[in-house]
Amino acid sequence: MASLFSSMRRSLKGLLILVPVLIGLVFTSPAEAARWDAETLTVPAAPDGTQVTFSEQEINTGRKVFNTSCGTCHAGGITKTNHNVGLDPETLALATPPRDNVDALVDYMKDPTSYDGEYSIADLHPSMRDAELYPAMRDLTDEELRLMAGYILVSPKVQGTAWGGGKIYF
């Protein structure tokens, strides 16, 4: 009889631990944890300071297009060929012209220039200008470029300094 009570006591202790965990799982869903707020999804649209708010779906689409078209050289926002120039907000803002807004990034993807803005690097960097040389860029639409720019600008808000951290983090 004592072993029966001992066994029941262990079972009740297990239930006391399990019940709160199950209640927590019922009232919190993984979808809620992954939701981003409007502030996170809002980024500069143009140099004049206007803002644009992307949806989660748009950012996810931008991520997929980015990974397919640019991710080989820019995984995690770094630049594999030059770790000193990443896709982090500070580096984008210090470029000439600044590339820290959606319109400027789309412009860059169409016709890239050197970091100081002095000359075109379309012969070296994948772009829409030389899409025949870079097949990953060949079929991209303006909307896909816009979504990639949104992903690039939202990523540091989500990933922090690891986005574009270059040789410091990788």
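Modeller: A residue is called buried when its relative accessible area is under 20%, exposed when the value is over 50%, and partly exposed in between. Please keep in mind that this is a predicted model. Met 128 has a relative accessible area of 24%, and therefore counts as partly exposed. Met 128 sits in the loop between helix 7 and helix 8, the latter spanning residues 135-138, and its C-alpha atom is separated by 8.9 Å from that of Asp 139, which is 11 residues away along the chain. Once neighbours within four places in sequence are set aside, Met 128 is in contact with Met 109, Lys 110, Met 137, Leu 140 and Leu 145.

Some of these names return when we turn to Ser 69, a residue of helix 4, which covers residues 56-69. Ser 69 counts as buried because its relative accessibility is 14%, and, with neighbours within four places again left aside, its contacts are Ala 136, Met 137, Leu 140 and Met 148.

Met 148 leads on to the largest nonpolar core, which has 27 residues and in which Phe 66, Val 102 and Met 148 have the most contacts. Helix 4, helix 7 (102-110) and helix 9 (142-159) each give two or more residues to this core, with helix 9 supplying the largest share, eight residues. Beyond residues up to four places away in sequence, Met 148 touches Gly 62, Val 65, Phe 66, Ser 69, Cys 70, Met 109 and Leu 140.

Note on methods. Residues are numbered from 1 along each chain as its sequence is written. This is a predicted model: local features need pLDDT of at least 70, side-chain atom pairs count only at pLDDT 80 or more; totals for chains, interfaces and linings use all residues. Side-chain values use heavy atoms; hydrogens and water are left out. Helices (H or I, at least four residues) and strands (E, at least two) are DSSP runs, numbered from the N terminus. Buried means under 20% relative accessible area, exposed over 50%, partly exposed in between (1.4 Å probe, protein chains only). Contact means heavy atoms within 4.5 Å. A nonpolar core is a set of buried Ala, Val, Leu, Ile, Met, Phe, Trp, Tyr and Cys residues joined through side-chain atoms within 4.5 Å.
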